[in-house]
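Trainee: Please take me through one part of this model in detail. I would like to look at the charged side chains that pair up, and at the strands around them.

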Amino acid sequence: MEALGINIISVTSEGVVATMPVDHRTHQPFGLLHGGASVALAETVASIGAYALIDQENEICVGLEINANHIRGKKSGVVTAHAIPAHMGKTTMVWEIKIVDENDELICLSRCTMAVLKKR
């Protein structure tokens, strides 16, 4: 999180919000927001959200699958990820993540499935 400048804004039972700068740390070679940075942001908010909802003494959560549609390019500024749980089962959670710019324009739409495992 530190390497990409990810900042967690809020964590509630209803979702997670975090920001990330669009700068030299998150650019691809052509000066646009790197799709991998968007995916890292998406999985970060899904992971934090899932962790907040599990029995932390007896369970752990890990990423099982993630996809992302990169809707719009961005050269500078800040993006904000809004993650909400779409499914909260006993062994999996599915999170929907919208990454938007300062004007609330959609930059990336992602879905992340988290596995909920018993601690050994």
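Mentor: Glu105 is partly exposed, with a relative accessible area of 35%. This is a predicted model. The side chain of Glu105 meets that of Arg72 in a salt bridge, at 2.3 Å from N to O. The pair links distant parts of the chain: Arg72 lies in the loop between β3 and β4, Glu105 in the loop between β5 and β6, 33 residues apart. Arg72 is also partly exposed, at 38% relative accessibility.

The structure holds 4 salt bridges. Another one joins Glu59 and Lys118, at 3.4 Å from N to O. Here too the pair links distant parts of the chain, with Glu59 in strand β3 and Lys118 in strand β6, 59 residues apart. Glu59 is buried at 13% relative accessible area. Lys118 is exposed at 61%.

A further salt bridge pairs Arg25 with Asp23, at 2.7 Å. Asp23 is buried, at 19%, because buried means under 20% relative accessible area. Arg25 is partly exposed at 36%.

Now the strands. The open sheet has 6 strands in the order β1-β2-β4-β5-β6-β3, with antiparallel pairing. β1 (7-12) and β3 (59-70) stand at the edges, each with a single partner strand, so one side of each has no neighbour in the sheet. Neighbouring strands are turned by 20° against each other on average, direction ignored. Strands β5 (92-100) and β6 (106-118) run antiparallel, joined by 9 bridges. Ile97 stands opposite Ser110 in β6. Helix α1 (35-53) lies across β1, β2, β3, β4, β5 and β6, and runs at about 135° to β5.

Notes: Residues are numbered from 1 along each chain as its sequence is written. This is a predicted model: local features need pLDDT of at least 70, side-chain atom pairs count only at pLDDT 80 or more; totals for chains, interfaces and linings use all residues. Side-chain values use heavy atoms; hydrogens and water are left out. Two strands pair if DSSP finds at least two bridges between them. Helices (H or I, at least four residues) and strands (E, at least two) are DSSP runs, numbered from the N terminus. Axes are lines fitted to C-alpha atoms, for helices over the stretch in contact, and angles run from 0 to 180 degrees between N-to-C directions. Contact means heavy atoms within 4.5 Å. Buried means under 20% relative accessible area, exposed over 50%, partly exposed in between (1.4 Å probe, protein chains only).
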